[in-house]
Amino acid sequence: MNAVTTYAAQSLAAVRTSFADRTNFALQVAGMAVNNGFWLVLWFLFFAGFRQVGGWRLGDVARMLGIIYTLFGASTVFFGGYRDMAGAILRGEVDPLLTQPKPVLLRLLARESIPSAWGDLITGVAILISSARLDLGGAGLTIAAIAIGMTAWLSTSVIFASLAFWFAGARSLSRDLMDFTLMVSTYPASIYSGWVKIVAFTVLPAGFVAMAPVGLVRNPSWPAAAFAIGGAAAYGALALAVFHLGLRRYRRGATPGS
Amino acid sequence: MPPAITVKDLRKAYRFSKRGRGFTGALAGLLHPEIVALQAVAGVSFEIAAGERVAIIGPNGAGKSTTLKMLSGVLEPTSGEAQVLGYTPWRQRKSLAYEIGVVFGQRSQLWTDLPVRDSFALLRRVYDQPADAFANRRDDLVERFGVGGLMDQPVGRLSLGQRMRCEIVAALLHGPRLLFLDEPTIGLDVTAKAAIRDFIREQSLAEGLTVVLTSHDTRDIELVCERVIVINSRRIVLDQPTDQLRRRFIARKLVTLQSQAARLELDLPGVTRRPSEPHTTVLDVDTRQTRIEAVIGAALALGGIEDVTVEDPPMEEVIHEIYAALDH
Amino acid sequence: MRSTPPWTTRTVSTLAAMGAAYRVGLAAALAAWPVLLGRAIFYGVCLMVLIAFWDKVGAQRLAGTLAVRLPPGGLGVYVGVTEWITLSVPAIQLRLEDDIRSGALEPHLLRPKPYLAQTIAGEAGGMSARLAMLAVAGLLLLTLSGRPWPAGFGLAYVAVLGVIGATIGVLLYTLVGLTAFWLRRVLPALLIMQKLMFLLGGLFAPISLYPGWLHDIAAASPFAAHLAFAGQAVIAPSLANFAGALGAQAAWFIGLCLAIALTWRTGLAKLMKEG
């Protein structure tokens, strides 16, 4: 419980910091909202011309984007430290955290909140409210999907960022890998097959970040839920393992920058 | 009372693979890595009693920071033992963390974009401190260290000296029994250094705080610590009370004079001239024999002095002297 | 007192300086080969996603939709070409924004060689390395995919139109960078430019699929010269199309250079006056 309240306090402090420059904050939020709006317009144009792709229509894509924008936005507002975690590791900023009693990973995640992510969060919630079913069951399922997706997304990001414990190039590589994962996530799942689908569920787990949670909302079933939750939990466990292995390596002094 | 710190033959070697040059080199490095071992600490042993103030000094790369990191739980040693306040640092890191305060000169534990006050409040939660006791202690430290006027400013906007003062207060907020300071005065101006040294010494005397600081500034030893451990080439070469070291090695100053005359003639006991360019005179002064004021006074009496600088001898020279003394 | 050399001498020496800057940019990009490799991988992942998408759309061939107008082989190679150009263009606007805002421009203005021309040349050098690297990656992926290569001189048309198109991209981003004389941050101008490139340049879909009015707007815009023409060269390679595209690119190249010169002069005058 202590860890949760400490985390909440730090995360809220990071959020307050992001508000500090009001103009910049407003510009970033508005900019991201416009950016997301543009993508929606493009999809609208696409479906006007092509009607559907792999059984997915505009409504399906809208709901998918709503879920993804929301989970990405919430992750990056409240756990935004994942974005530059590789950089923090390489700059040796883990040292002071090791001399303090709280878990290092939580401190790293709570240290930053990215302003533009509020734009994603707002856009995502707006899309979901306007396009999703408004009944309690539908809302509950959507919230569960977002929670599952957030777990998978944060876990994936932690794994990528933890590569910094092993090599210095991880700072830009982890950013690229996160971008790839998002890119793969923001297209209808029905387009992927064969080895591409395998990659999308393993190396760049867009499968568990977006496809499985969105699939759960489109076609709810217990197997679908088990698959989505199981996948996210597995990535969560992997993230913790990789991070702590990396931290042990850091504490042996084998990390560049330590 | 048991010692605060016990260290037995602590060693640390970093192992890394040598990187080849260019694309082929990098590829070769992946397939057949050439592992190089770098000894950072080659077996140090010492004890520090509770309430002692000890400086660990030495030139860059000597192994000071590595030793401190091992004792604070940041790094694991390659071999050897250590007990800090009854804990093995690298195994009982979290338990130890509640009892120690650490200040890294180069890395901050404060939140850059938040006001100092908020950073302190967050640290209360990190260390699970009850609100009332914490508030009292915070107010006391803030007043003693004179950072009251900085409390509402973002940490990032403070000068280095101001930030270091806040870092030290932050490290003491949870009432630790032991304070580790890694290069606390690096990059600071004279006034800021003096303030920090005074504070650390007074705090230690008032609360029986054990202090271990690393530095390559000899004044940090003189003014704060009662004992100095000299590390050079990854080993301890000297472990003595400060006043003994001072008497033996730090009674020297370098006085540099810029003059209109190409060469100045000064003949004073304990003052030797060092080689220098024309119009510059570098004097090595043994302050036990001749005081600095006398040297400067004699120089000014000659007339035509344009600039005077007084400095401590470089750390390397002190170490060199220590070595020279040890050879005898 | 030295008199100003005649404009012919000045032009020759400017071109020489640009050549030197180009070589430096190229060498720097080649030295940072891990970054080039990373970009090639980025290219591969983009293609993986976009081709999966368009192949699915093409495979369905839904009647009454635009899918029937897709080229028989799908849009795989088209996407490869447009992404090749897009990912090769350097972020010159960031450099210009930095130099203009930080005052790093001033020492350059005191030198006899033109800052802007040299900066563009240097970035073009880096771009050449990227174009080459991504071209190799693209051709490798095309071979491995088993898809048919573009008919006739398609690849040759793509190469020419692509390189010129990428250069036009640099000029467009230069205009974005020069807005730093007036705006505090170029980001809003950049985002608008990128959206226009995406829509009117055919990065979203070939402009031949657009409704007539949108197609005409796109084809008349510099964004088509930047991207769409090179992409079209794999869908419908023909000498007539190639010649037409080349003409349009030449016109836009000259037009954009003039626009840049004008914007630069105006911005510089503002900077000199206000500091």
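I'll start with a detail in chain B: β11(B) and β12(B) make a hairpin with five residues between them, and B:His279 in the turn has a positive phi of about 70°. Four bridges connect β11 (residues 271-274) of chain B with β12 (residues 280-286) of chain B, and the two run antiparallel. Across that pair, B:Thr272 sits opposite B:Asp284 in β12(B). Strands here are DSSP E runs of at least two residues and helices are H or I runs of at least four, numbered from the N terminus. Two strands are called paired if DSSP finds at least two bridges between them.

Some housekeeping. This is a predicted model, in which local features need pLDDT of at least 70 and side-chain atom pairs count only at pLDDT 80 or more, while totals for chains, interfaces and linings use all residues. Residues are numbered from 1 along each chain as its sequence is written, and chains are lettered from A and ligands numbered from 1 in the order in which they are written.

Next, the sheet in chain B. Its six strands form an open sheet in the order β5-β6-β7-β3-β8-β9, with mixed pairing. Which strands stand at the edges? They are β5 (100-104) and β9 (235-241) of chain B; each has a single partner strand, so one side of each has no neighbour in the sheet. From one strand to the next the twist averages 15°. Helix α6 (residues 160-172) of chain B packs on this sheet, where it touches β5 and β6 (178-182) of chain B, and its direction makes about 160° with that of β5(B). Angles like this one run from 0 to 180 degrees between N-to-C directions, and axes are lines fitted to C-alpha atoms, for helices over the stretch in contact. Contact itself means that the C-beta atoms of two residues, placed from the backbone, lie within 7 Å.

Stay with β7(B) for a moment. Strand β3 (residues 53-57) of chain B pairs with β7 (residues 210-215) of chain B in the parallel sense, over five bridges. In that pair B:Arg53 faces B:Val211, and B:Ala55 is opposite B:Leu213. β6(B) is also joined to β7(B) by five bridges and runs parallel to it, with B:Leu178 opposite B:Thr210. Is β7(B) buried or exposed? Six of its six residues are buried, so the strand is largely enclosed by the rest of the structure. Buried means 20 or more other C-beta atoms within 10 Å of the residue's own, exposed means 12 or fewer, and partly exposed is in between, with C-beta atoms placed from the backbone. B:Thr210, B:Val212 and B:Thr214 point one way from the strand, and B:Val211, B:Leu213 and B:Ser215 the other way.

Now the cores. A nonpolar core is a set of buried Ala, Val, Leu, Ile, Met, Phe, Trp, Tyr and Cys residues joined through C-beta atoms within 7 Å. The largest has 221 residues, and those with the most contacts inside it are B:Ala55, B:Val169, B:Phe180, C:Val170 and C:Ala224. Helix α7 (residues 154-178) of chain C gives the largest share of this core, 14 residues. Leaving out residues up to four places away in sequence, C:Val170 touches C:Val89, C:Pro90, C:Ile92, C:Ile120, C:Glu123, C:Ala124 and C:Met127.

C:Leu175 is also in helix α7 of chain C. C:Leu175 is buried, with 20 other C-beta atoms within 10 Å.

In chain A, the axes of α3 (residues 58-78) and α7 (residues 116-131) come within 7 Å and cross at roughly 145°. By class, the contact of α3(A) with α7(A) has 12 nonpolar, eight polar and two charged residues. Here Ala, Val, Leu, Ile, Met, Phe, Trp, Tyr, Cys and Pro count as nonpolar, Asp, Glu, Lys and Arg as charged, and the others, Gly among them, as polar.

Last, the interfaces. 20 residues of chain A contact 18 residues of chain C. On the chain A side, α2(A) gives the largest share, six residues. That side divides into 11 nonpolar, seven polar and two charged residues. Between chains B and A, 29 residues of chain B are in contact with 21 residues of chain A. The chain B side has 15 nonpolar, four polar and 10 charged residues.
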